[in-house]
Amino acid sequence: MAAGLRKRGRAGSAAQAAGLCRQWLQRAWQERRLLLREPRYTLLVAACLCLAEVGITFWVIHRVAYTEIDWKAYMAQVEGVINGTYDYTQLQGDTGPLVYPAGFVYIFMGLYYATGRGTDIRMAQNIFAVLYLTTLLLVFLIYHQTCKVPPFVFFFMCCASYRVHSIFVLRLFNDPVAMALLFLSINLLLAQRWGWGCCCFSLAVSVKMNVLLFAPGLLFLLLTQFGFRGALPKLGICAGIQVLLGLPFLLENPLGYLSRSFDLGRQFLFRWTVNWRFLPEALFLHRAFHLALLVAHLTLLLLFAFCKWHRGKHPVAAEGSIQKEGSIPAPHTQPDRFYPLHLQLHRHLLQPFPPLPILRLVFPHTALPPVGHTCALAHTPAQVAGAGAH
């Protein structure tokens, strides 16, 4: 009898859940015109796109030819470490020397063994397909928490993008690994898990140095939340992980490891560029062009630091007032120095472009909702007026 009651209880719970799901889908269908425009439907649209991406990615793997560029070089470089070479200056591949930090070596060493010493390309593609779907989920979670982007945008950044499928499953680059760790770091930072967020950020840097481009944003967020002294332990986590991962190579040849894995003067070949293809090759390779890009990047960072981030209501925390791990910052009641960019845009209703997740650390949000935040409904005139009063 007791077993029968338990069965009926489970059946009742399942029926109730199915009924709620059916009601939610019926409501979504009734509001289908808003489905692609309202951020509150982000999770529903994201779930549908993830399911579609399973089929699309499977089709790409089996129907589009794989292109060998760096995979064999990665495997050759990792094989050198497996054979006992810890001097970075002696590690070479088909396309040149090993120029990535130690985290790359460990991760691709695992892929080396998982793919039969790098020979099973189909297995590698399947692994990267799972990595792609995981990255997509992490990105959608970021969008869900911002509640700013209409869901129809998501289709163009995944299903309609040949380039993203090419990078993940047709080229097997190391960029997807680094970016997956970076997006995981951003999700953890949004959840106020600062220690784990810094840990994942450092792991992303250990795969590919270009993740350092997000470091100014992370530093700003740490200073905003913890102040100078409070930020030092978090920065220590980032530095400590780099030292720990690179220790075998640092003990063998510290200058060789640092100069190869964090080489700021490395020349990028013109034939691999996409964004600057319209330039003449001579100009692209000229050192003055590189310096101009660096100066422009630093200038923009300074402009945002003093003209945007500096004009706000969320100041850098005072010395000694350290924010607790996992807690949500209390709202400030008096005028402060820092004004979050997303509130400026919202106040003036200036939302001409979707805030890409990559910009989350470049344009820090100091008053973001925690994980689990539910997107608000569409902006009514009353809501817009209320937002302007904040």
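Predicted model: local features only at pLDDT ≥ 70, side-chain atom pairs only at ≥ 80, totals over all residues.
Colleague: Let's start with α4 and α5. Why are these two helices called roughly perpendicular?

Modeller: Helix α4 covers residues 71–82 and helix α5 residues 102–114, and they pack at an angle of about 100°. Angles of 65 to 115 degrees count as roughly perpendicular, so α4 and α5 get that description. Their axes are 9 Å apart.

Colleague: Which residues of α4 and α5 make the contact?

Modeller: From α4 come W71, Y74, M75, Q77, V78, E79, V81 and I82, and from α5 come F104, V105, F108, M109, L111, Y112 and Y113. By class, the contact of α4 with α5 has 13 nonpolar residues, one polar and one charged.

Colleague: Now α9 and α10. What makes them roughly antiparallel?

Modeller: The axes of α9 (residues 175–190) and α10 (residues 194–207) cross at roughly 165°. Angles over 145 degrees count as roughly antiparallel, and α9 and α10 are therefore described that way. The two axes come within 8 Å, and the crossing is left-handed.

Colleague: And what is the make-up of the contact of α9 with α10 by class?

Modeller: The residues in the contact include L181, L184 and L188 of α9, with W196, C200 and F201 among those of α10. The classes are 14 nonpolar, two polar and no charged residues.

Colleague: On to T57 in helix α3. Why does T57 count as buried?

Modeller: Buried means under 20% relative accessible area, and T57 has 2% relative accessibility, so T57 counts as buried. Leaving aside neighbours within four places in sequence, T57 is in contact with A129, Y132, H165 and V169.

Colleague: What does the side chain of T57 reach?

Modeller: The side chain of T57 reaches the backbone oxygen of E53, at 2.7 Å.

Colleague: H165 and V169 came up as contacts of T57. Which residues of α8 are buried?

Modeller: In α8 (residues 162–170), the buried residues are V164, H165, S166, F168, V169 and L170. Their cover includes α3, α6, α7 and α9.

Colleague: What is found at the start of α8, and what follows α8?

Modeller: At the start, a side-chain oxygen of S161 comes within 3.2 Å of the backbone nitrogen of V164. After α8 comes L172, with a positive phi near 60°.

Methods:
Residues numbered from 1 in each chain as written. Heavy atoms only, no water. Axes fitted to C-alpha atoms, helices over the stretch in contact; angles between N-to-C directions. Helix = DSSP H or I, 4+ residues; strand = E, 2+ residues; numbered from the N terminus. Parallel < 35°, antiparallel > 145°, perpendicular 65-115°, else oblique. Contact = heavy atoms within 4.5 Å. Nonpolar A, V, L, I, M, F, W, Y, C, P; charged D, E, K, R; others polar. Left-handed = near helix turned anticlockwise from the far one by under 90°. Buried < 20%, exposed > 50% of the residue type's maximum accessible area, 1.4 Å probe, protein only. Polar contact = N/O pair within 3.5 Å; in protein donor to acceptor, adjacent residues only side chain to side chain.
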